[in-house]
Amino acid sequence: MRKRSSRTRAALAVVAAAVLGLAGCDAGGGGAPAAERPRARAAKPAPVWDRSPDSIAAVGDSITRGFDACTVLSDCPEVSWATGGDAKVDSLAVRLLGVTGAAERSWNYAVTGARMADLPGQMAQAAARGPALVTVMVGANDACRASASAMTPVAGFRADFEEALGTLRSVLPKAQVYVASVPNLKRLWSEGRVNPLGKQVWQLGICPSMLADADDLTRAATLRRDRVQRRVVEYNRVLKEVCAKDRRCRFDGNAVYDYDFGTDQLSHWDWFHPSKDGQARLASIAYRTITAARPAG
């Protein structure tokens with residue numbers, strides 16, 4: 001009996017130790033050591049740049065208004081690269097939102113003749129709509145003045161652009177901004193000057209700092225055009241630098257400036273503004289920049 005009792009007590013002790021051991025593991029939150037347990041996956045933060053925004057507001061100048069793309073010396077917003085509904089253009093809004101979405105959730109606040117100083121006011125209008133994306137194309141009119149000496153100073157151009165972005169950010173801190181570079185005005189002069197009709201329209205006052213006396217190839221005229229061109233390059237540098245300071249702003253990497261507009265891409269009314277074909281090329285550049293996995297270099 002004593003031997004049996006001893007064996008019984010020993011067995012009970014083993015069972016009790018096992019039970020206590022299991023209880024200790026349960027109290028600690030599971031059988032595996034904490035270091036060996038799989039960690040909960042942290043939720044991935046939303047990307048800073050949304051490659052498929054669901055609404056668009058456009059600000060800028062005559063290019064975004066489709067000026068001279070349909071009839072002479074007239075706006076034609078239906079062919080705008082940014083918000084137009086023309087099937088041949090296939091605007092940025094149509095590409096991102098579809099035809100119905102573009103009609104319902106895109107707005108064009110660009111104004112023919114606008115300069116950078118006008119952009120803060122346009123931005124305020126755009127911000128009131130609460131768009132997910134704002135497109136900016138402005139600066140050509142700052143260079144296209146009555147004379148080269150009348151061009152907008154670079155410092156003023158920068159201050160106005162910074163104010164415009166600040167206006168947007170005060171209302172929509174998370175809205176995205178696409179900034180197109182100022183076109184190469186000297187290239188447009190070089191292409192358009194081959195057409196007699198275009199040169200006649202230029203005499204009505206289209207970009208006189210660059211286009212006046214289109215056939216004048218004297219040293220003075222060449223220096224004037226070169227001065228305008230340098231100012232455009234400086235404007236584009238400002239657009240790039242200011243945009244780079246904003247995490248939700250993308251500059252096109254000078255894609256519009258570098259695009260080699262030919263006569264097919266120029267209005268056959270003034271041989272300077274984009275035609276429907278040219279508007280389609282601008283839409284393609286914008287779409288490519290906005291939907292790219294990374295910003296343009």
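The lining of the second largest cavity comprises, by class, 7 nonpolar, 2 polar and 1 charged residues. Here Ala, Val, Leu, Ile, Met, Phe, Trp, Tyr, Cys and Pro count as nonpolar, Asp, Glu, Lys and Arg as charged, and the others, Gly among them, as polar. The model is predicted, so local features need pLDDT of at least 70 and side-chain atom pairs count only at pLDDT 80 or more, while totals for chains, interfaces and linings use all residues. Residues are numbered from 1 along each chain as its sequence is written, and side-chain values use heavy atoms, with hydrogens and water left out.

A cavity is a set of points, on a 1 Å grid over the protein atoms alone, where a 1.4 Å probe fits but cannot get out; its lining residues have an atom within 4 Å of a point. The whole structure contains 2 cavities of 30 Å³ or more. The largest cavity holds about 40 Å³. Among the residues that line the largest cavity are Ile 63, Pro 183, Phe 261 and Phe 272, and its lining has 7 nonpolar, no polar and no charged residues.

Attention now turns to helix 11. Helices are DSSP runs of H or I with at least four residues, and strands are runs of E with at least two, numbered from the N terminus. The buried residues of helix 11 (under 20% relative accessible area, where exposed is over 50% and partly exposed lies in between, with a 1.4 Å probe and protein chains only) include Gly 278, Leu 282 and Ile 285. These buried residues pack against helix 2, strand 3, strand 4, strand 5 and helix 10, contact being heavy atoms within 4.5 Å.

Salt bridges (a side-chain nitrogen of Lys or Arg within 4 Å of a carboxyl oxygen of Asp or Glu) number 11. One of them joins Lys 276 and Asp 86 at 3.7 Å, N to O. Lys 276 lies in helix 11 and Asp 86 in the loop between strand 1 and helix 2, 190 residues apart. Lys 276 is partly exposed at 31% relative accessible area, whereas Asp 86 is buried at 18%.

Terms used:
On a 1 Å grid over the protein atoms alone, a cavity is a set of points where a 1.4 Å probe fits but cannot get out, and a pocket is an open set with protein on both sides within 12 Å along at least five of seven lines; lining residues have an atom within 4 Å of a point. Grid points are joined across faces, edges and corners, and a volume is the space filled by probe spheres set on the points.
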